[in-house]
Amino acid sequence: MTFSIVLFVIFTIYLLFSYKKALLLLYPLSLLISTLPAFSGISLKLATLLIYEGFLYFFIFHKKDCLKSPLTKYIIIFLVCHVLCYTFGAGTKHPIPFMYITANILYTYVVWCNLSCSKDLVFFSKCLIFFVFLIVANGIVEFIFKENLWFEWLESQTSEILYHSHINDIRMGYGRCCSFFDFCIPFGDVCAILFSYYLYLLKNKCIYFKNGILYLLLILLIIGILLANSRAAFIIFFLS
């Protein structure tokens with residue numbers, strides 16, 4: 001709980017001094033902190049709070065940048081449909097999933113608006129590199145020790161149940177790892193999507209990254225896909 005509050009305050013201060021870097025850094029950070037304990041028993045993920053905070057700050061002070069984006073009309077159409085489905089649909093009416101999906105879609109849109117030059121893209125890609133090393137390393141540790149040390153530590157700090165181990169869910173001869181995620185599928189999907197991204201940079205001979213670093217990232221991400229042992233991730237990988 002204390003860790004969540006401290007992280008929230010640090011990000012808020014960072015946002016005030018360097019809004020663009022803070023918003024771009026939040027993308028990988030939100031994937032790492034999505035399972036942190038919530039504030040004061042409110043079952044709203046810290047990542048969602050940070051994403052909303054970042055989006056509102058960007059939109060309030062940089063509204064013109066949002067309106068110039070070619071994605072604006074598609075985002076508006078999605079939000080209208082999303083609200084209508086939530087209001088009149090037959091599915092669950094719980095506000096948390098609605099808010100979480102909305103926050104992630106809006107944040108993806110804000111990131112797109114912020115990637116206005118090669119400098120922004122390089123900073124964003126470097127943040128993702130650090131994130132790749134973290135999630136794959138944690139997945140390897142989980143696979144070796146048959147325990148997720150990150151979630152073991154988190155659950156020792158709160159009474160909430162944050163994680164269910166899937167290391168004994170045998171598929172293709174071995175268990176499934178979650179790394180920093182609450183399930184194996186998002187772990188595998190993120191690794192597969194980032195694999196496609198860095199493969200694209202390699203194929204297009206990106207001058208901002210050495211080929212050796214890109215090859216290393218691709219190898220690590222393949223390891224992450226195998227550790228997650230998710231069919232969806234394998235499909236994304238083969239389509240890449």
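Helices (H or I, at least four residues) and strands (E, at least two) are DSSP runs, numbered from the N terminus. This is a predicted model, in which local features need pLDDT of at least 70 and side-chain atom pairs count only at pLDDT 80 or more, while totals for chains, interfaces and linings use all residues. Residues are numbered from 1 along each chain as its sequence is written, and side-chain values use heavy atoms, with hydrogens and water left out.

**Exercise 1.** Locate asparagine 229 and describe its phi and burial.

Solution. Asparagine 229 lies in the loop between helix H10 (211-228) and helix H11 (231-239). Its phi is near 55°, a positive value in a residue other than glycine. Most residues other than glycine have a negative phi. Asparagine 229 has a relative accessible area of 0% and is therefore buried (under 20% relative accessible area; exposed is over 50%, partly exposed in between; 1.4 Å probe, protein chains only).

**Exercise 2.** Treat serine 179 likewise.

Solution. Serine 179 belongs to the loop between helix H8 (149-156) and H9. Phi of serine 179 is near 55°, again positive in a residue other than glycine. With 0% relative accessibility, serine 179 counts as buried.

**Exercise 3.** How many disulfides does the structure hold?

Solution. A disulfide is a pair of cysteine sulfur atoms within 2.5 Å. For cysteine 178, the closest cysteine sulfur is in cysteine 184, 3.6 Å away, which is too far for a bond. The structure holds 0 disulfides. Cysteine 178 is buried at 0% relative accessibility, and cysteine 127 is buried at 11%.
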